[in-house]
Amino acid sequence: MSHESTLPLRLGSVTVTVPDPAATGAFLHDGLGFHVTPRADGGLDATTGGEYAQPVPRRHLTLLPGEAARLREVTFDVPAGYAFGELERRAAAHGMTTEPVAADAGGGAGVAVTGPSGLRLVCRPPGAPVIEALPATPLRPRRLGHVNVKVPDAPATAAALTALLDLKLSEQIGEGLFFFRVGSEHHNMGVRGGSDVPDVHHLAFEVAGWDSYRMICDHLADLGYKVEYGPGRHGPGHNLFVYVRDPSSGLRLELYSDMAHIHDEASYTPPRWEMSDRGNTVNRWGPAPPESFLA
Ligand SMILES: [Fe+2]
């Protein structure tokens with residue numbers, strides 16, 4: 001049994017289908033300052049400013065044309081020399097299928113794994129960064145922080161993420177919602193049940209802090225876009241949140257800040273809430289989410 005690590009570097013990007021990629025791209029660009037680039041296949045790549053002192057990634061979010069807002073795949077950036085062989089061995093041992101992913105503008109050669117819930121996870125080195133300097137704007141989020149997926153069987157998918165990618169469990173709510181991290185940030189992936197097929201509940205992008213919400217929400221309001229839920233503070237992760245949805249697709253984005261970090265792994269025990277605590281976990285400040293958020 002090999003003990004090579006298959007822990008990725010970071011959550012890299014998410015690919016979703018939407019009915020009108022241009023309309024969703026306009027919402028991301030005009031409303032939130034995303035950098036949007038057309039793709040040859042009729043889709044769009046969208047990205048934010050990127051990490052401090054790091055090149056701007058070409059894509060945090062890829063939009064492909066499709067009937068509705070649906071999750072296609074979650075991509076993890078992996079380092080040079082990543083243990084793809086070990087990843088394939090583990091996938092086979094857990095009854096998951098793998099296929100090679102060829103190098104292209106979106107990233108280097110890698111491996112796609114389809115897990116027990118049908119969730120497609122891609123591990124590959126990141127693609128070439130954006131060369132041009134992005135115009136300055138206080139609206140643009142910093143980076144993709146996490147993806148919250150809906151799957152048919154949350155405990156099975158949670159077990160697979162640990163067994164396959166060495167992701168670390170940070171917190172859970174019963175057997176219904178699991179939060180995983182790659183590095184110190186509390187979560188980079190959330191897994192919840194309640195969907196017949198793998199789907200996305202929300203994509204979360206980090207903003208600079210509390211003051212960002214006034215500026216961003218005023219700007220969204222000027223364009224006629226509405227906040228779905230928030231501001232508030234989550235229990236798990238302790239982050240501030242505002243949720244907005246692209247009107248053309250319903251794709252939900254979380255603008256978050258002030259998330260907890262776990263620096264001492266040795267002393268950290270993942271808190272476990274029960275599903276009956278859901279009201280306290282979703283918003284410590286009180287106001288409950290709208291029905292649309294719970295669907
Ligand atoms: Fe979130």
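Visitor: Which strands does helix H3 lie across?

Guide: This is a predicted model, and everything below should be read as such. Helix H3, residues 154-165, lies across strand S10 (168-173), strand S11 (177-181) and S12, and runs at about 150° to S12.

Visitor: What span should H4 have, and what is the distance between its end C-alpha atoms?

Guide: At 1.5 Å a residue, the 13 residues of H4 should span 18 Å. The end C-alpha atoms of H4 are 19 Å apart, which agrees. After H4 comes Gly-224, with a positive phi near 90°.

Visitor: In what order do the strands of the nine-stranded open sheet stand?

Guide: The general idea is that strands of a sheet pair through backbone hydrogen bonds, either parallel or antiparallel. Here the order is S14-S15-S16-S13-S9-S12-S11-S10-S17, and the pairing is mixed. Strand S14 (227-233) and strand S17 (272-273) are at the edges with a single partner strand each, so one side of each has no neighbour in the sheet.

Visitor: What is the strand order in the open sheet of eight strands?

Guide: The order is S2-S3-S4-S1-S5-S8-S7-S6, again with mixed pairing. S2 and strand S6 (97-101) are the edge strands, each pairing on one side only. From one strand to the next, the twist averages 20°. Helix H2 packs on this sheet and touches S6, strand S7 (110-114) and S8, with its direction at about 15° to that of S7.

Visitor: How many bridges join S5 to S8?

Guide: Four bridges join S5 to strand S8 (residues 120-124), and the two run parallel. Phe-76 stands opposite Cys-123 in S8.

Visitor: Which way do the residues of strand S3 point?

Guide: In a regular strand the side chains alternate between the two faces of the sheet. In S3 (residues 44-47), Leu-44 and Ala-46 point one way, while Asp-45 and Thr-47 point the other way. All of these are buried.

Visitor: How does S3 pair with S2 and with S4?

Guide: Strand S2 (residues 35-38) pairs with S3 in the antiparallel sense over four bridges, and His-35 stands opposite Thr-47. S2 and S3 form a hairpin with five residues between them. In the turn, Gly-42 has a positive phi of about 90°. With strand S4 (residues 61-65), S3 is antiparallel over three bridges, and Asp-45 stands opposite Thr-62.

Visitor: Which residues other than glycine have a positive phi?

Guide: Asp-166 and His-238 are among them. Asp-166, with phi of about 65°, is in the loop between H3 and S10. It has 16 C-beta neighbours inside 10 Å, so Asp-166 counts as partly exposed. His-238, with phi near 60°, lies in the loop between S14 and S15. It has 14 such neighbours, so His-238 is also partly exposed.

Visitor: Where is the cis peptide bond at Pro-231?

Guide: The bond from Gly-230 to Pro-231 is cis, with omega near 5°. Pro-231 is in strand S14.

Visitor: Is Arg-284 buried or exposed?

Guide: Arg-284 has 12 C-beta neighbours inside 10 Å, so it counts as exposed. Arg-284 sits in the loop between helix H5 (278-282) and helix H6 (291-294). Arg-284 and Gly-232 are 52 residues apart in sequence, with 7.2 Å between their C-alpha atoms. Beyond neighbours within four places in sequence, Arg-284 is in contact with Arg-233 and Gly-235.

Visitor: What are the domains, and how many residues does each give to the contact?

Guide: The chain is divided into domain 1 (10-124) and domain 2 (143-294), with centres 19 Å apart over C-alpha atoms. The contact takes 35 residues from domain 1 and 33 residues from domain 2. On the domain 1 side, the elements giving two or more residues are strand S1 (10-18), helix H1 (21-32), strand S5 (70-77) and helix H2 (84-93). That side has 19 nonpolar, ten polar and six charged residues.

Key
Residues are numbered from 1 along each chain as its sequence is written. This is a predicted model: local features need pLDDT of at least 70, side-chain atom pairs count only at pLDDT 80 or more; totals for chains, interfaces and linings use all residues. A residue is buried if 20 or more other C-beta atoms lie within 10 Å of its own, exposed if 12 or fewer, and partly exposed in between; C-beta atoms are placed from the backbone. Two strands pair if DSSP finds at least two bridges between them. Two residues are in contact if their C-beta atoms, placed from the backbone, lie within 7 Å. Axes are lines fitted to C-alpha atoms, for helices over the stretch in contact, and angles run from 0 to 180 degrees between N-to-C directions. The expected span of a helix is 1.5 Å times one less than its number of residues. Domain bounds come from an automatic or database domain assignment. Ala, Val, Leu, Ile, Met, Phe, Trp, Tyr, Cys and Pro count as nonpolar, Asp, Glu, Lys and Arg as charged, and the others, Gly among them, as polar.
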